[in-house]
Amino acid sequence: MISARRLYFLLSLIVASALVWKGVDLLTRPPVQAAPSSSLPSTAQQRGAALRETKAPTGHAAPDAPVEASVEEMVRDAAGDPEKSLAAFNKIDECLTLENDKELVDSTDLKITRENGGMQVQLLAHKADEKALQALRRECAGLTGRTRLDRFQLLEYAVNQHEAGALARYIYAGPQGDRHALKERPDDPAVIEWRRVALKRLDDSIAQGYLDALTLNTSGHLELGVAVGAPELYMEQLAFNKIVGAINSTEGPYPKEVFEGWIKSISAQQRADAEAQAERIFQAWKRRTTAPHATITPSATSQASR
């Protein structure tokens with residue numbers, strides 16, 4: 001039987017995986033929906049529902065995206081727009097993956113099954129079909145060497161503007177796209193500096209109350225080689241509940257039983273520190289989203305689901 005703590009850890013990794021793909025222009029093949037063996041009103045489901053509800057209404061329908069715009073056109077159109085910058089970066093990454101003859105994933109499904117008193121969590125990936133690959137080849141035609149070299153400037157801009165999903169993409173991409181650098185070259189000064197900056201960006205975004213950063217707390221720190229313990233998890237979920245609860249005028253997605261479990265596993269001082277930090281994060285979110293002329297944009301409320 002998987003423990004609640006272990007289940008949460010696994011779900012955090014899955015959520016982070018989904019965030020990595022946030023902002024990607026999904027390919028055209030409709031996914032095959034995975035049917036769970038049983039209905040599970042899990043924390044992950046509650047979190048996903050809360051994040052969907054936090055998307056700010058625009059008041060009008062979004063215009064249709066250009067059909068098969070070339071990647072170079074996407075890059076030119078991305079200037080000064082963090083959402084388009086992230087989308088352009090992801091499109092370039094798809095083009096490079098296609099060049100290397102690797103399989104592309106167009107969507108994922110979360111499947112949770114119960115059997116023999118236990119629980120199994122799976123992230124099901126759906127591959128792009130040939131029609132979608134042909135469309136992508138047309139989009140990628142004309143990709144220049146300069147765009148390849150400069151693509152991380154697009155990602156850096158999206159991260160600096162707190163475009164949701166950009167931070168996860170940044171952390172999981174690794175230094176200049178080298179996902180193995182942290183393990184293979186941990187003593188490289190460039191890798192050490194990248195890790196320092198990545199940790200600061202993650203911690204600063206959490207401190208400011210960005211929901212996608214809070215969601216990335218566990219898996220992001222783990223990817224960067226920093227263990228997250230029970231006090232940090234308690235703080236993360238408490239801050240998340242406060243912010244989402246304020247947005248949706250509810251008590252938040254996490255039930256009190258979750259917090260009672262964490263409280264039993266930490267000391268009184270750890271609890272007090274975590275609660276104080278969660279309140280500071282909540283107050284930072286309030287200041288950021290209620291300042292004069294401030295609006296709660298999809299980025300401000302995480303964009304974890306568009």
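Q: What makes a run of residues a helix here?
A: A helix is a DSSP run of H or I with at least four residues. Helices are numbered from the N terminus. The model itself is predicted.

Q: Where is methionine 74 placed?
A: Methionine 74 is in helix α3, which covers residues 71–77.

Q: Why is methionine 74 called buried?
A: Buried means under 20% relative accessible area. Methionine 74 has 15% relative accessibility, so methionine 74 counts as buried.

Q: How far apart are methionine 74 and alanine 88, in sequence and in space?
A: They are 14 residues apart in sequence. From C-alpha to C-alpha they are 5.6 Å apart in space.

Q: How many helices and strands does the protein have?
A: It has 13 helices and two strands. Of its 306 residues, 45% are buried.

Q: How do you know that α7 is largely enclosed by the rest of the structure?
A: Count its buried residues. Eight of the eight residues of α7 are buried, so this helix is largely enclosed. Among them are Arg169, Tyr170 and Ile171.

Q: Which residues does isoleucine 171 touch, leaving out those up to four places away in sequence?
A: Isoleucine 171 touches Trp194, Leu202, Leu216, Gly220, Glu223 and Leu224. A touch here means heavy atoms within 4.5 Å.

Q: What makes a set of residues a nonpolar core, and how many residues has the largest one?
A: The largest nonpolar core has 61 residues. Those with the most contacts inside this core include Leu167, Tyr170 and Ile171. Helix α11, residues 230–248, gives the largest share of the core, nine residues. In soluble globular proteins, nonpolar side chains tend to be buried together.

Q: Which residues line the largest cavity?
A: The lining includes Val159, His162, Glu163, Ala166 and Leu167. Ser205, Tyr210, Asp212 and Ala213 are also in the lining. Helices α7 and α10 each give two or more residues to this lining. By type, the lining residues divide into five nonpolar, two polar and two charged.

Q: Is histidine 162 buried or exposed?
A: The cut-off for buried is under 20%. Histidine 162 has 18% relative accessibility, so histidine 162 counts as buried. Histidine 162 sits in the loop between α6 and α7. Although not a glycine, histidine 162 has a positive phi of about 60 degrees.

Q: Why is serine 249 called exposed?
A: Exposed means over 50%. Serine 249 has 67% relative accessibility, so serine 249 counts as exposed. Serine 249 lies in the loop between α11 and α12. Serine 249 is not a glycine, yet takes a positive phi of about 55 degrees.

Q: How confident is the predictor, on average and residue by residue?
A: The average pLDDT is 75, and 64% of the residues score at least 70. Over residues 1–62 the pLDDT is below 50. Over residues 295–306 the pLDDT stays under 50.

Conventions: Residues numbered from 1 in each chain as written. Predicted model: local features only at pLDDT ≥ 70, side-chain atom pairs only at ≥ 80, totals over all residues. Heavy atoms only, no water. 1 Å grid on protein atoms, 1.4 Å probe; cavity = no way out; pocket = protein on both sides within 12 Å on 5 of 7 lines; lining within 4 Å. Nonpolar A, V, L, I, M, F, W, Y, C, P; charged D, E, K, R; others polar. Core = buried A, V, L, I, M, F, W, Y, C linked by side-chain atoms within 4.5 Å. Buried < 20%, exposed > 50% of the residue type's maximum accessible area, 1.4 Å probe, protein only. pLDDT = per-residue confidence, 0-100.
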